[in-house]
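Reader: I would like to learn how to read a fold feature by feature. Can we go through one together?

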Amino acid sequence: MVEISKTETFVEHDIMVGVTKVGTVELCPERNEIARLIIFEPYQNKGYGTQVVRTLSEQGYKSLWVRSDNPRAIHVYEKCGFKRGKTYMFEMNREVDDV
C-alpha cells in the first residue's frame with residue numbers, strides 16, 4: 001500500500017501593503033524557489049508583483065515556474081532579470097469514458 005504524507009516544503013506568505021493584503025506568495029526555501037505568486041486583481045498593475053520578485057531575488061530566490069500562457073507574469077519576471085529556461089514539462093490529460 002502506498003502512503004502519501006503531507007510535507008511542509010512550500011510556505012505561503014501574505015503580501016501586505018500597510019494593513020491591506022494584496023496577494024500571496026508561496027516559497028520553497030530549501031530550493032530558493034518562488035513556487036507561486038498571486039497579486040489580487042484590484043491591486044495588479046501597481047508594481048507590487050515586481051517589488052515582491054525583486055525583494056525575493058535579493059534574498060536569494062533565483063528560480064521559479066511560470067505558465068507559458070501567462071504573459072503578464074512572464075513580463076514581471078523578465079523585468080526582474082529572470083530568463084526563460086528550457087521547456088521540459090508539458091501538460092498531460094487522461095480522458096475518462098462515460099460508461
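Reader: Which strands form a hairpin with four residues between them?

Author: In this predicted model, that hairpin is made by β2 and β3. Look at its turn. N32 sits there with a positive phi of about 50°.

Reader: How should I read a positive phi?

Author: Start with the general idea. Most residues other than glycine have a negative phi. Now the case here. N32 is not a glycine, yet its phi is positive. It is found in the loop between β2 and β3.

Reader: Is N32 buried, exposed or partly exposed?

Author: Partly exposed, because its relative accessibility is 36%.

Reader: Which residue takes a positive phi in the hairpin of β1 and β2?

Author: G18, with a phi near 65°. That hairpin has two residues between the strands. Another positive phi belongs to G60, which follows α1. Its value is near 105°.

Reader: And what is the phi of N45?

Author: Positive, about 65°, although N45 is not a glycine. N45 lies in the loop between β3 and α1. Its relative accessible area is 72%, so N45 is exposed.

Reader: Now the sheet. What is the order of its strands?

Author: The sheet is open and has four strands, in the order β1-β2-β3-β4. The pairing is mixed.

Reader: Which strands stand at the edges, and why is one side of each left without a neighbour?

Author: β1, residues 11-17, and β4, residues 63-64. Each has a single partner strand, so one side of each lacks a neighbour in the sheet.

Reader: What should I keep in mind about side chains in a strand?

Author: In a regular strand the side chains alternate between the two faces of the sheet. Take L27, in strand β2.

Reader: Is L27 buried or exposed?

Author: Buried. The relative accessibility of L27 is 6%, and under 20% counts as buried.

Reader: Which residues does L27 touch, beyond those up to four places away in sequence?

Author: T9, F10, V11, H13, E33, I34, A35, L56 and Y61. H13 is 14 residues from L27 along the chain, and their C-alpha atoms are separated by 7.9 Å.

Reader: Where does α1 lie relative to the strands?

Author: Across β1, β2 and β3. Its direction is at about 160° to β3.

Reader: Which residues of α1 are buried?

Author: Y48, G49, T50, V52, V53, L56 and S57. Their cover includes β1, β2, β3 and α2.

Reader: How do I describe two packed helices?

Author: Two packed helices are described by the angle between their axes and the distance between the axes. Here, α1 spans residues 48-58 and α2 spans residues 71-79. The angle is about 45°, and the axes are 9 Å apart. The two helices are therefore oblique to each other. Their crossing is right-handed.

Reader: Which residues meet between α1 and α2?

Author: From α1, G49, T50, V53 and R54. From α2, V76, Y77 and K79. By class, this contact has three nonpolar, two polar and two charged residues.

Reader: Where is the place of C80?

Author: In the segment after α2. C80 has a relative accessibility of 15%, so it counts as buried.

Reader: Which residues does C80 touch, leaving out those up to four places away in sequence?

Author: T50, V53 and R54. These three also belong to the α1 side of the contact with α2. For a C-alpha separation, take C80 and G49: 10.0 Å, at 31 residues apart along the chain.

Technical notes: Residues are numbered from 1 along each chain as its sequence is written. This is a predicted model: local features need pLDDT of at least 70, side-chain atom pairs count only at pLDDT 80 or more; totals for chains, interfaces and linings use all residues. Side-chain values use heavy atoms; hydrogens and water are left out. Axes are lines fitted to C-alpha atoms, for helices over the stretch in contact, and angles run from 0 to 180 degrees between N-to-C directions. Angles under 35 degrees count as roughly parallel, over 145 as roughly antiparallel, 65 to 115 as roughly perpendicular and the rest as oblique. A crossing is left-handed if the near helix is turned anticlockwise from the far one by less than a right angle, and right-handed if clockwise. Contact means heavy atoms within 4.5 Å. Ala, Val, Leu, Ile, Met, Phe, Trp, Tyr, Cys and Pro count as nonpolar, Asp, Glu, Lys and Arg as charged, and the others, Gly among them, as polar. Two strands pair if DSSP finds at least two bridges between them. Buried means under 20% relative accessible area, exposed over 50%, partly exposed in between (1.4 Å probe, protein chains only).
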